[in-house]
Every structure is written in C-alpha cells, then in structure tokens.
Amino acid sequence: MLTLFPLFPEQASTAAAKVDALYFFLLGVSAFFSILIFTLLIAFAVRYRRRPGRRRPERGPAALWLELLWSGVPAGLAFVMFVWGAEIYFAGANAPQRSTEIDVVARQWMWKFQHPEGNMEINELHVPAGRPFRLVMASEDVIHSFFVPAFRVKADVVPGRISSTWFEATRPGSYHLFCAQYCGTQHSGMIGAVIVMTPARFEQWLAATRPSEPASASGEKLFSRLGCGSCHAPGGSGTGPDLEGLFGSTVRLRNGQTARADETYLRRAILEPSSQVVEGYDPVMPTYQGLVGEQGVLQLITYIKAGAGGSSMRAAR
Ligand code: HEC
Ligand SMILES: [Cu+2]
C-alpha cells in the first residue's frame with residue numbers, strides 16, 4: 001500500500017534525510033501539542049461543567065512558574081527549530097567547493113542543461129551518484145522553479161538574475177523534475193527527469209554524447225565573436241578591465257559602492273553595463289541585451305570564471 005501510494009518521495013540525495021528529520025520533528029512537536037491541548041480542553045470541559053449546586057470558584061493568584069513554563073518551553077522549541085532550519089538552509093545554499101557546475105536555462109516550458117564538458121540536454125539531466133553538482137540557473141522569460149522532490153531540492157529561477165542550488169545524488173535511478181512556480185498555460189507540462197547513474201556509466205554516457213567543445217570554449221568563441229576581447233585584453237591593455245581573476249572578487253564601482261563579482265554581477269555587466277560601472281573606467285561598454293541569450297550569457301560566465309584568456313585558462317587546457 002505504502003509503495004503504491006507513498007506518503008513521502010524517496011530519499012535520493014545527501015540532503016534528503018536531513019530535511020526529513022527536521023520535518024518529522026516539526027510534525028512531532030505539532031502533533032504532541034495539538035493532542036495535549038485538545039485532550040485537556042475536552043477533559044476540563046467535562047470535569048468543570050456547570051452543575052446544580054456548584055458555584056464558580058474565586059479567581060486565584062497567577063502562578064509565576066506556570067507563566068514562565070508556558071512562555072519558556074515554546075520559546076525554546078522555536079529556537080531549536082530556527083537554528084536547525086537555518087543550518088539546513090545554509091547547507092543547501094552553499095555548494096561544496098568541489099562541485100561540478102551545470103548551466104540551466106528555464107523557459108516556457110522546458111529545461112535546458114549544459115554540462116561543463118559541453119553536453120546539452122533538454123528536460124533530462126544525467127548525473128553520477130556520489131558527486132556534488134551546482135546548478136547555475138537563468139530564466140529566459142518568467143519565474144520558474146527547479147524542484148526535485150527525491151532530492152528535497154527546490155530553487156526559484158528568477159528572470160533578470162542568476163540563482164543557484166546544488167545536490168549530491170546518492171542512488172542511481174530516475175527522479176522526477178518539476179517546475180514549482182506557475183509559469184503559464186503549460187506549466188504542468190514543464191516536467192523532466194534527473195537520471196542518476198553509477199560514475200562508470202555516467203562517464204560512458206558523457207563520452208558517447210560529448211560534443212566537439214566544452215562550455216567554456218563555447219564561451220570563448222562567443223567572447224571573440226562579440227568583440228569582447230577588443231576591450232578586455234589579457235593584462236588590462238584594452239579600454240576595459242582585465243577579466244582574469246575577476247570572478248569571486250570584490251569590485252569597486254564608480255558610485256562608491258562595492259559589489260561581489262558573482263554570477264548575477266557578471267550577467268548584469270554584460271546585459272546592463274551602465275548599471276554598475278567599475279571605478280576608474282568610463283561607461284563605454286555597449287549592452288549585449290538582445291545580442292546574446294541566457295544560454296550564451298551562461299557560457300560567457302563559464303569562460304570568465306575559467307580565467308577569460310588569462311594564464312589560468314591556458315593552464316587548464
Ligand atoms: C567597447 C569596449 C568594450 C567591449 C566591446 C566590452 N566591454 Fe566589458 N567593459 C568595458 C569597460 C570600459 C568596462 C568597465 C566599465 C563598466 O563597468 O562599464 C567593462 C566592464 C566589464 C565587466 C565588469 C568588469 C569588472 O572588473 O567588474 C565585465 C564582466 C565585462 N565588461 C564583460 C564583457 C563581455 C563579456 C563583453 C562581450 C560580450 C564585453 N565586456 C565587451 C568595455 C568593453
Ligand atoms: Cu516553469
């Protein structure tokens with residue numbers, strides 16, 4: 001019966017058991033207090049009901065210990081829930097350093113994936129078990145949400161910015177992928193599968209479907225086709241800043257603010273350059289809005305992360 005109508009999706013990622021443990025704790029606390037309160041409510045209603053010959057007693061003095069108890073216990077429980085939940089939230093928000101990054105583009109109504117090796121997939125994502133993957137996600141139109149119940153992973157993909165999430169699958173199998181934000185008439189059809197394989201089978205799959213170039217090389221081609229290199233020459237000899245080592249650093253802007261060069265920063269630098277002009281430079285960079293799609297932006301970002309023509313890029317090849 002339970003296998004026919006499972007109450008919970010199976011646990012197929014390293015995060016699943018942790019999320020479930022917290023969920024069961026919340027459920028247990030709620031059940032305990034619901035039962036306690038309703039039992040007492042009914043018991044007192046029966047025991048102290050109005051009967052002939054009985055007078056209402058005088059109101060007694062407030063008991064301090066009781067006040068402290070029923071304030072302290074809920075406060076303590078709420079604190080445990082908060083710390084426990086925050087821990088799981090931060091673990092889910094910060095991908096391990098050794099994660100492999102996969103580009104994800106959501107649009108009405110499908111999911112597009114690109115592996116660093118260059119392999120592209122639609123509505124299907126192949127990954128090996130036992131390795132963390134970080135998803136770098138952008139939307140081409142409206143809000144979508146990447147939801148894999150078996151992984152207990154759900155992250156919104158919001159137009160105009162880059163969001164990310166990560167997971168490490170633990171067991172080979174095929175797991176449902178849903179869009180969890182209503183995104184238009186065919187929202188319910190925006191489904192797919194994450195196919196978890198053994199590492200050996202995954203390597204075979206990767207080799208069999210490998211395209212001619214990795215994602216960073218596609219980014220490099222775009223970089224030269226769009227003429228980025230004419231201003232962003234290695235060593236900073238162009239009119240624009242050197243992009244090597246930019247990713248993850250802190251950038252000083254002309255308006256006196258600072259910004260962390262994360263993926264959303266790079267995306268905005270390409271599509272709305274005048275919104276965040278780097279200190280010491282003139283706002284001469286043209287916008288690439290309309291000239292490059294989200295997929296292209298993600299490839300450019302992959303290329304910039306890999307060193308953008310600098311020495312680290314050459315060393316990596
Ligand atoms: C006409 C010259 C020019 C071209 C072409 C150009 N840029 Fe720029 N870019 C600049 C200048 C100048 C800045 C610094 C001022 C600013 O932030 O707008 C800059 C800033 C940037 C930044 C932020 C750098 C930092 O240090 O924070 C990134 C990222 C970037 N460009 C990427 C690109 C990409 C990718 C392309 C090609 C699609 C491109 N640029 C094309 C001139 C150019
Ligand atoms: Cu959607």
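A backbone N or O atom of Q276 sits 3.5 Å from an oxygen atom of ligand 1, a polar contact in the sense of N or O atoms paired within 3.5 Å. V278 also uses a polar backbone atom, 3.0 Å from an oxygen atom of ligand 1, while Y265 brings a polar side-chain atom to 2.5 Å from a ligand oxygen.

This is a predicted model, where local features need pLDDT of at least 70, side-chain atom pairs count only at pLDDT 80 or more, and totals for chains, interfaces and linings use all residues. Residues are numbered from 1 along each chain as its sequence is written, chains are lettered from A and ligands numbered from 1 in written order, and side-chain values use heavy atoms, with hydrogens and water left out.

Step back and ligand 1 has 26 residues around it, with C228, C231, H232, Y265 and M285 coming nearest; to count, a residue needs a heavy atom within 4 Å. The shell splits into 20 nonpolar, five polar and one charged.

Now for the metal. The copper ion (ligand 2) is held by H144 (ND1), C179 (SG), C183 (SG) and M190 (SD), at 2.1 to 2.5 Å; donors are N, O and S atoms within 2.8 Å of the metal, or 3.2 Å for Na, K and Ca. Why is the arrangement tetrahedral? Because the four donor atoms subtend angles of 90 to 124°, and the label asks for all angles between 85 and 135 degrees.

Terms used:
Polar contact = N/O pair within 3.5 Å; in protein donor to acceptor, adjacent residues only side chain to side chain. Nonpolar A, V, L, I, M, F, W, Y, C, P; charged D, E, K, R; others polar. Tetrahedral: all angles 85-135°; square planar, octahedral: opposite > 155°, others 65-115°.
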